[in-house]
Amino acid sequence: MSSNCAFCKVIGREQQADIVYEDSTYIAFLSITPLNKGHVLLMPTPHYPSITAVPDHVREKMMTLGSHLGCALMRATDSDGFNFFLANGQCAGQIILHAHLHIVPRCPGDGLVFPSRSIAYESDEEKEEIIRNTQSRLEI
Ligand SMILES: [Zn+2]
């Protein structure tokens with residue numbers, strides 16, 4: 001637990017939250033800045049600053065649990081789908097440095113638009129270099 005982490009304060013009951021799910025390893029609660037009704041934040045209860053610091057087995061179960069929560073949220077909010085959103089690092093939009101997964105229920109026409117764009121590679125060689133460099137740096 002990190003003493004200056006807002007999510008650890010929720011986990012330690014120093015900060016109030018609307019808890020949707022909790023077990024010995026995970027907690028999920030409603031976002032205080034919801035993008036849609038039922039927007040939940042799911043995270044491991046131990047403090048990991050980013051998803052890359054989370055052990056594989058904890059991260060894997062988090063994705064499974066997130067899928068089940070997403071289905072339950074769809075039924076609970078009469079939604080047709082949901083988005084997962086996960087920011088790894090401040091440059092990616094991670095504000096609270098405690099690894100967490102956003103689960104956002106979605107309905108057609110709900111007005112929520114994720115930023116989208118499409119960039120162009122300078123060349124096929126640039127694209128191939130990124131693929132090669134990714135493959136050579138992949139640690140599984
Ligand atoms: Zn924390």
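Two strands pair if DSSP finds at least two bridges between them. In this predicted model, strand β3 (residues 40–44) and strand β5 meet that rule, because three bridges join them. The two strands run antiparallel. The protein chain holds three helices and five strands.

**Overall layout**
- Along the sequence, the elements follow the pattern α-β-β-β-α-β-β-α.
- The protein chain has 140 residues, and 18% of them count as buried.
- Its C-alpha atoms fill a box of roughly 50 × 40 × 25 Å, taken along the principal axes.
- Take the contacts with a separation of 6 or more: residues 24 or more positions apart account for 55% of them.

**The sheet**
- Five strands form an open sheet in the order β1-β2-β3-β5-β4, with antiparallel pairing.
- Strands β1 (19–22) and β4 stand at the edges. Each has a single partner strand, so one side of each is left without a neighbour in the sheet.
- On average, neighbouring strands of this sheet are turned by 20° against each other, direction ignored.
- Helix α2 (residues 56–77) packs on the sheet. The helix touches β1, β2 (26–30), β3, β4 and β5. Its direction makes about 25° with that of β5.
- L41 has H102 as its bridge partner in β5.

**H100, a buried loop residue**
- H100 sits in the loop between β4 (81–85) and β5 (101–106).
- Why does H100 count as buried? It has 26 C-beta neighbours inside 10 Å, and a residue is buried if 20 or more lie within that distance.
- Leaving aside neighbours within four places in sequence, H100 is in contact with F7, L41, L42 and M43.
- H100 and Q135 are 35 residues apart in sequence. Their C-alpha atoms are 26 Å apart in space.

**Two loop residues with positive phi**
- R13 is found in the loop between α1 (6–11) and β1. R13 is not a glycine, yet it has a positive phi of about 60°.
- R13 counts as exposed, because it has 9 C-beta neighbours inside 10 Å and the cut-off for exposed is 12 or fewer.
- D78 lies in the loop between α2 and β4. Its phi is near 55°, a positive value in a residue other than glycine.
- Is D78 buried or exposed? With 10 C-beta neighbours inside 10 Å, D78 counts as exposed.

Definitions and conventions:
Residues numbered from 1 in each chain as written. Predicted model: local features only at pLDDT ≥ 70, side-chain atom pairs only at ≥ 80, totals over all residues. Helix = DSSP H or I, 4+ residues; strand = E, 2+ residues; numbered from the N terminus. Contact = placed C-beta atoms within 7 Å. Axes fitted to C-alpha atoms, helices over the stretch in contact; angles between N-to-C directions.
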